[in-house]
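Visitor: Can you walk me through this one? Keep it simple, please.

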Amino acid sequence: PEAIVPAAVEEYARRFLQEIAAPEIVAVKRSTGYQIVSGRQRYAAVKRLVQDGHVSSKDAMIQAIVIKCEDELQLHSLAIKFNAQDESVAPLSAEWKMNLAVKRVMAEGISVKDAACECSVNEDTLGSRIRAERIRDLLRKKLGFLAELSLATYESLHALSDNVNVLRKAAQVVAERQLTVEQVRQLCKCV
């Protein structure tokens, strides 16, 4: 998300008071209200001017573009696109953009080249991160399989242990009662 930069808020407040046009705010309508995609500095400037009493809330009008967007990843991509055009905002961190690019490739299946271009990251670096993520996923799956195999082996050993205990008890009964081989065979047929 776009970080609030006090100097940018100050500049937008100055422009607003001088009635200098500022770029529109870009927002997405959500079930909980509007989410600003681009324009947090402008919004913060106007909000501060209203709170400080420089402007009345009815005069604090900001032009806005409202976009319909349900997909969280697409929302982040829009934030990058719009904020890349607005030089007055703090740049998004390289790590944030790289993580978004990785999500776009892994979750949506877009190409590494397209994600690198869209998120303004190095294609080779993104390719390396994708390979690392795929290896991690494979290891998680294999470890999951090994965990299941271990559990099945444990359950088998536990069942075998139960059988050994039954046989020990049977041997103890045979010894205590001094049963003959024929009597033991008769007992086994009943079980």
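Visitor: Which residues make up the largest nonpolar core?
Guide: There are 11: Met98, Leu100, Ala101, Val102, Val105, Ala115, Ala116, Cys119, Val121, Leu126 and Ile130. This is a predicted model: local features need pLDDT of at least 70, side-chain atom pairs count only at pLDDT 80 or more, and totals for chains, interfaces and linings use all residues. Residues are numbered from 1 along each chain, and side-chain values use heavy atoms, without hydrogens and water.

Visitor: What's a nonpolar core?
Guide: A set of buried Ala, Val, Leu, Ile, Met, Phe, Trp, Tyr and Cys residues, joined through side-chain atoms within 4.5 Å. Buried means under 20% relative accessible area, with a 1.4 Å probe and protein chains only.

Visitor: Which element gives the largest share of this core?
Guide: Helix α4, with 5 residues. The elements giving two or more are α4 (94-108), α5 (112-119) and α6 (123-177). Helices are DSSP runs of H or I, at least four residues; strands are runs of E, at least two.

Visitor: What does Met98 touch?
Guide: Val121, Asn122, Thr125, Leu126 and Arg129, leaving out residues up to four places away in sequence. Contact means heavy atoms within 4.5 Å.

Visitor: New topic. What's the strand order in the sheet?
Guide: The open sheet of 3 strands runs β2-β1-β3, with mixed pairing. Two strands pair if DSSP finds at least two bridges between them. The edge strands are β2 (33-38) and β3 (64-67).

Visitor: How many bridges join β1 and β2?
Guide: 5, in the antiparallel sense. In one of them, Arg30 partners Gly33 of β2.

Visitor: Which helix packs on the sheet?
Guide: Helix α2 (residues 40-51), touching β1 and β2.

Conventions. Axes are lines fitted to C-alpha atoms, for helices over the stretch in contact, and angles run from 0 to 180 degrees between N-to-C directions. Buried means under 20% relative accessible area, exposed over 50%, partly exposed in between (1.4 Å probe, protein chains only).
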